[in-house]
Amino acid sequence: MKLLKNPIFIIVSILCSSCAVEAEYVPIDERLDALPGKPGVPLDNEITEARVTLGKNLFWDPILSGDQTVSCATCHHPDKGYADGRALSSGIGGKGLGESRTGGMLVKRNSPTILNTAFNGIENNTPYDPTTAPMFWDNRASSLESQAKLPILSLEEMRGHGFEKDIIIDTILQRIQKIPTYVAQFESAYGTNSITEMNLFKAIATFERTLIANNSRFDQYVNGNSDALSDLEIRGLQAFIDSKCTNCHSGPMFSDYELHSLGVADHSDLKESDDGRDGQYRFRTPTLRNLSITGPYMHNGTKRTLEEVMEFYEALGEGEIENPNVNGDMLSEDLADMEVDEEQFESIIAFMLSLNDDHFDKSIPKSVPSGLPVGGDIK
Ligand code: HEC
Ligand code: HEC
């Protein structure tokens with residue numbers, strides 16, 4: 001089976017090259033697809049250069065945290081694939097970046113990459129709504145705009161003990177108001193007197209919508225370049241489909257954006273078991289794009305390598321449940337026909353790595369308008 005564009009469609013589009021109809025991809029395995037060129041954007045938050053500039057400054061500026069030492073980039077850093085490379089994230093009180101960060105309050109989950117989160121919620125051939133795009137390992141937020149508030153309110157991530165939840169946002173807005181560069185940048189981005197909570201999060205979301213990596217070799221293959229994947233990777237794609245990974249890792253992001261329980265064991269550093277949003281140990285299917293730079297894996301980073309992930313699935317297919325709090329009835333029904341064995345590990349891993357696209361914005365600002373250390377205490 002090949003995933004190339006439907007040949008009939010290609011002929012039609014050649015004959016019709018002067019027509020105004022845009023070529024649409026017609027994949028043969030209907031559950032997988034390439035990413036489109038551009039993400040969806042809410043009608044009330046069009047992308048403009050001024051908004052991206054402002055959003056990027058805010059993303060990198062520790063002024064958004066209680067003690068002004070943590071920025072979004074502390075845990076979503078381009079050198080770490082816009083994740084942090086740690087099993088569990090480390091917030092307020094910490095120093096350093098990634099695995100070498102010490103002393104911070106522990107967050108109970110693994111930091112997912114921001115790359116392509118602008119596409120969260122996308123399915124094959126159906127429009128998706130960026131205002132309801134699912135966010136977090138348990139889908140508890142919808143849209144990048146509404147997600148951006150939550151790390152600031154979170155005690156461990158950015159708020160710290162010095163500020164109560166009900167004053168932290170106003171405190172930050174007052175700080176920003178005092179910085180002429182921000183006043184000017186908010187004005188260019190959202191008009192006069194626009195330093196508001198809503199615009200703060202709109203600007204951050206706009207910057208995040210520029211962090212996309214949608215031209216992996218897999219995308220090129222689906223878009224008609226049959227040489228883009230090696231034989232091993234094509235065998236891996238086939239094995240990925242045959243093993244029923246596509247029951248959940250489907251669509252252009254390789255996620256159905258649904259919650260499932262796979263019974264992943266808790267991280268040993270946590271005082272309390274993380275049972276997901278509704279006590280059922282369900283977590284969202286993560287994207288499989290850019291895995292080479294977003295490890296360690298799973299909602300709590302307990303799998304260090306893709307080999308470990310594959311071993312986990314092999315055991316799960318044989319009925320072994322890692323987490324003693326999860327019983328067979330709680331497991332996702334979409335696991336029922338999933339089966340994978342060691343012989344397929346190499347090709348499936350090779351295939352998953354063909355979903356990497358290294359061409360994304362990795363630039364780090366030289367300074368941020370507050371004058372604080374860029375990215376926070378990450379040196
Ligand atoms: C201390 C580390 C830390 C900081 C600081 C932080 N994040 Fe995160 N981020 C995380 C973790 C951990 C998760 C997953 C939490 C969960 O799912 O419960 C996450 C999840 C996300 C997601 C959801 C991604 C997805 O695919 O579901 C987005 C978007 C995001 N963060 C953006 C931001 C922005 C914007 C900021 C700054 C305002 C920020 N983060 C600050 C650690 C951090
Ligand atoms: C029942 C739905 C389902 C099926 C089937 C499934 N997965 Fe997953 N996958 C998930 C969920 C949910 C997670 C996150 C689980 C967690 O953290 O608790 C996950 C995590 C992963 C991760 C880690 C990604 C990261 O960034 O942390 C990889 C890699 C992966 N799956 C590959 C596969 C492969 C390969 C197959 C087929 C052998 C497969 N999955 C089958 C739902 C599924």
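The model is predicted, so local features need pLDDT of at least 70 and side-chain atom pairs count only at pLDDT 80 or more, while totals for chains, interfaces and linings use all residues. Residues are numbered from 1 along each chain as its sequence is written, chains are lettered from A and ligands numbered from 1 in the order in which they are written, and side-chain values use heavy atoms, with hydrogens and water left out.

I start with the domains. Domain 1 covers 49–208 and domain 2 covers 217–353; such bounds come from an automatic or database domain assignment. Their C-alpha centres are 27 Å apart.

How much area do domain 1 and domain 2 bury between them? The figure is about 2100 Å², with 59% of it on carbon and sulfur atoms. Buried area here is the accessible area, taken with a 1.4 Å probe, that two parts lose on being put together, summed over both.

The rule finds 2 salt bridges across it, a salt bridge being a side-chain nitrogen of Lys or Arg within 4 Å of a carboxyl oxygen of Asp or Glu. Arg 109 also forms a salt bridge with Asp 274, and the closest N and O atoms of that pair are 2.8 Å apart.

Now the backbone. Which peptide bond is cis? The one from Gly 295 to Pro 296, with omega near -5°. Pro 296 sits in the loop between strand 4 (283–284) and helix 12 (306–317); helices (H or I, at least four residues) and strands (E, at least two) are DSSP runs, numbered from the N terminus. Met 298 lies in the loop between strand 4 and helix 12 as well, and its phi is near 80°, a positive value in a residue other than glycine.

Phe 136 also has a positive phi, near 85°. Its place is the loop between strand 1 (134–135) and strand 2 (141–142).
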